[in-house]
Structures are given as structure tokens and as C-alpha cells.
Amino acid sequence: MNIQKDLVAASATPLVLAILSEGESYGYAIIKRVGELSGGELQWTDGMIYPLLHRLERNGFVKAVWGKSETGRRRKYYRLTRTGAAHLARQRRQWQVVDLALRGIWLTAVDTPSRP
Amino acid sequence: MTEDRALEERIGEWRSYFRRRQALHSVDVEELEDHLRSQVEALSEAGLDQDEAFLVAVKRLGNLDSVSREFANEYSERLWKQLVVAPDGGAASSVARREARVAIGLAIAAGAAIKIPELFGVRIDESQEDTLFYLRNMSLLVLPFLAVFFAFKRRLHTMGWLWLALPLVPAALIMNLLPFHVGGQTQVLAAIHLPIALWLSVGFAYAAGRWRNHDQRMNYVRFSGEWFIYYTLIALGGGVLVLFTVFIFDAIGLNAEPFAARWVIPCGAAGAVVIAAWLVEAKQSVIENMAPVLTVLFTPLFTVLLVIFVAAMIWTGNAIDVRREVLIGFDLLLVLVLCLLLYAISARDSQSPPGRFDRLQLLLVISALLVDVLALWAMAARISEFGFSPNKTAALGLNLLLLVNLAWSAVLYARFLAKRSSFSALERWQTSYLPAFAAWAWIVVALFPVIFSYR
């Protein structure tokens, strides 16, 4: 399914932060997890996650450390900071408000097809 | 395995392709590469062969333009090329640091050298004779340090060091032992032309002794232009510094002017010669040259000026009023036009076909030549009235020198525009002509005093 760009962009930050709240991770693994969570529907362009991660680091929400992968390659790992966790909580509350509103109307309207 | 080697090759190509983007630093490319490799591994495990896995992984990574655009949005400051004079880490940085230490050391030495004559009682503002001493020997005290900087940086061979030192001894002897008349024209002329002669011999060190090489000569021309711009900027900054120093010390009742005039300005000006050269070399491959940019800006303006001047001359019928200062003025005009031409040549891709800017430049050169020929003609009529004083001869000589250069340049340029010859012929002409300037400078320094009896 083709998801609108705005929606993908808006959901990117809370998704990444939430995935990082599960534990330290790196770019490729985060993208894989997003795929898993959305059942393959959310297909992000791989390269785009890195500017996002850098922006989150710049804002202080995540912290990057260089480590080693299983094969011994240099790899940048990201972990959530306390500021990041607070920001994630704020975003979560906002999304829950939106979700509640939409759920309210969809539950009543979704099963009633419009008839002329 | 050959498959792995092929993959490594492809990844290497991909890496250099990504590295070229300004918005992406090498750490970012490293991160992306790790991602790419993880993707390739995962796809290989899923059953794709290595070629396919690589292609799919690259496609999934995203189009280079969009990725670098995202990075550029994030790191907008990277779009301004920053000169990192002391890069962090790696072998290149230790070389850069050593060079910085040498440059700073030589700058301090140049500043000290400027003050050494004071030990012998020669002060810069004491008497006319002392001021003239400084004028004569300024370049001898400072430029050798610049030559040493380049000789060191380019690892000049021992023979080269000897060749560098060769002109210094006769220059020093000439400037100080010949019986110049105090305040005479030959002395001032020699003092003005000696820096030019020595500047071209610094070029020998710059080219690491390969002064016959035309590319090296053109590189030296490029360096000279950038050096001049950087020096001017440093001088302006230094001027502001001095003004503030005098001002704030004055606020607490201390007079900083003598200190500024005796120490800061001379030593700063001397040291800045080496520092400016060091900065130009450091920024060489990172920042665009500024001289050609200024050339592109000013060539149209000067062309318009000259064309209007010629039109005005024809319209009003006024002949050029020939006085002594006029000849020097026209010399400067020709020097300016030559610089505009030279720096446009230095930045132009010699393979590209003739364009509008080339036609504009040809117009500039031709109008400058026309103006100069008219001036010389007007002067020839009164040459007997003038007589041959050192100043007039020097000005005339320079004028003829520049005239020949620009005339043949115009011919070559016209041939290039008519597509009958290549642009490199014009480049070659300019670089071949440089020794002529050096020869002329040395003639004025060494022969003029003798010919004109030290007037």
C-alpha cells in the first residue's frame, strides 16, 4: 500500500524512538524492525533513516556510539537518552489523542457504506 | 573468492561515488556502507546471488541525489566549504601540523629579520636615508623566508637551494653598495623592481626547480593571485587590529602608537607574507580561487569603461594630454588588463569552446591596446622634449613590454575565437612571457643605475 509521504514522515520519529526504547540498535536493524511492525507495509528508503538519526542525535534524543558488528566491521549504534524518552512519551500522548478521535468515528462509520 | 573481490570492487565504486557529495562526510558514507553490506548479506541469505543482492541493496538505499539532499537539509553548514587547516587524525594531519609549525616559525623569523637593521641603528622612520634603506632592502629581508617555505614544502634538492640563493647576493650588493644618489630615481626604481625580480625567483622554489614547466608557471600565477587577495584581507584585518589597539590603550592613557608603528605593523606585514602563502597552499584544493571570480566581475566593467573612453576620444577629438604621469597611468592600465586576462586564462578550462566571455575579453584587450597605442603616439611626438630620464625610460620600457604581450595575445585569442588554433597556445604565450618580466625587472635593478649614472 502506498502510504502518504506526510504520514510516513510524521510517524518516522516516534517509530524510531520507540524502537530504540526497546534497546540499543543500528540503522539497518531499525529499518528491519519497522518492516516487521508494519507487516511490510511501511517501506522506508533505507538511506533516509540516517539523516533522521543524525537529527535526533543533534536534538539530544539519541546518543551514537561506534561499536563493532558481528563480522568485526565498524558500526554506529544508537541508544535512547532520557530527553529522548521524554520526547517519545510526549509524542505517544499526541498520537493517542489522534488515534482516539479517529477510532471513535471509524468504528461507527466504517461499516456503513454510503448510499445515495 | 572472485565473487567477493567483485563485490568489494563494486562497493569501492559505490563508496567513491557517494564520497563526492559535499553533504556527506566520510563517517556518513561509512555508516551507509555498513548498511549496504548488511543488506547484501541479508539478501544473499534470502537466496539472491551477489550481483542481484548488490543491485537491490543499492536501489533500496535510495537515489544518491535524494539521500544527499536529505543530508544537506540536515547539515546545511556543510554546503559552505570550510577550510580545515588542521584536520584531525591520520598521516595527512601530521604533515599539515608540521607545515603549520614551519610556516609560523618562518613568519616569526621574517618579522625578526625586518627588525634586525635596528640593531645597527637604522630605524624605519628616523631619517630619509634610513627609510630608503628599508625601501631598498624590504624584499631582501622578507622574501627569502617565503622561498625557504616553498623550498622546504616542495623538498627542493640541494642544487636548487644554491640556485635560490644565487640572486640574493648580487641583489644585496647592488642595493647597498652602489653609489645611488640619495632620493634619486634609479634608487626608487630599483627598490620597486627588486620585489618583482625576487618574486619570480621565489617561483623557482614554488615550482621545485622545474621552472621551465609551463604548468608550474601557470600554477605560480594562480598562487600569486590568491596570495595577493589573502594578503590584502590579512592587511585589512591587521589594520583594524592596530586601530583597536591604539584606541583601547589610549582609553587608559597609554600611547600605543609607537609600538604599533615600530613593531606590529612592520613585523605583521613581514610575517603575513609567509602566513598568506601557507593559507593559500592549505586551501588549494578545498576552496575555489577568488582571483578568477573577481576577474569575471570586473572584465565587463573595464571593457565598458575603455570602449566608452575610445568613443569619447573619437567624439570630442581631444588628444591625450601627454605629461609624465600619464605614461605611468597607462602602464598601470595595461598591467590591469593583463592581470584580468591572465587570471581568466588561469581558470578557464582549455578544452571548452569559445564563448561570450572570451569575445568580451578580446574586446577588452583590443580597446586597451588602442588606447595605449594612441598614448604612445602622442608621446612620440614630444619625445625630444622629454629626454630620457630613468623614470620615463622605465615606464616606456614596461609599456612596450606589455604592449607586445597584449598584442600577440589578442592575435592568438582572435585565432582561437575563429577556431583556427587552440586555447593552450594563448596559455603558453603568457607563461613563456614570464621570464621576460623577470629579465626586465633585473635590468632595471642592475643596469639602470649604471646606465643613468645613479641618478
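Colleague: What is the handedness of the crossing of α1(A) and α4(A)?

Modeller: In this predicted model, α1(A) and α4(A) cross in a left-handed manner.

Colleague: Which residues make that contact?

Modeller: α1(A) supplies T13(A), P14(A), L17(A), A18(A) and S21(A). From α4(A) come G84(A), A85(A), H87(A), L88(A), Q91(A), R92(A) and W95(A).

Colleague: And how do they divide into nonpolar, polar and charged?

Modeller: The contact of α1(A) with α4(A) has 6 nonpolar, 5 polar and 1 charged.

Colleague: At what angle do the axes cross?

Modeller: The axes of α1 (residues 5-21) and α4 (residues 82-109) of chain A cross at roughly 130° and come within 10 Å. The angle is why α1(A) counts as oblique to α4(A).

Colleague: Changing topic, how many residues does the contact take from chain A and from chain B?

Modeller: Chain A gives 15 residues and chain B gives 16 residues. On the side of chain A, the elements that contribute two or more residues are α2 (27-37), α3 (49-58) and β2 (74-80).

Colleague: Which of these gives the most?

Modeller: That is α3(A), with 4 residues. The side of chain A that touches chain B comprises 4 nonpolar, 5 polar and 6 charged residues.

Colleague: Now to chain B: how far does α16 reach?

Modeller: Helix α16(B), residues 390-417, has 28 residues and reaches 40 Å from first C-alpha to last, close to the 40 Å expected at 1.5 Å a residue.

Colleague: Which of its residues are buried?

Modeller: Among them are P390(B), A394(B), A395(B), L398(B), L402(B), Y413(B) and F416(B).

Colleague: What follows α16(B)?

Modeller: K419(B) follows α16(B), and K419(B) has a positive phi, near 65°.

Notes
Residues numbered from 1 in each chain as written. Chains lettered and ligands numbered in written order. Predicted model: local features only at pLDDT ≥ 70, side-chain atom pairs only at ≥ 80, totals over all residues. Axes fitted to C-alpha atoms, helices over the stretch in contact; angles between N-to-C directions. Parallel < 35°, antiparallel > 145°, perpendicular 65-115°, else oblique. Left-handed = near helix turned anticlockwise from the far one by under 90°. Contact = placed C-beta atoms within 7 Å. Nonpolar A, V, L, I, M, F, W, Y, C, P; charged D, E, K, R; others polar. Expected span 1.5 Å × (residues − 1). Buried ≥ 20, exposed ≤ 12 C-beta atoms within 10 Å, placed from the backbone.
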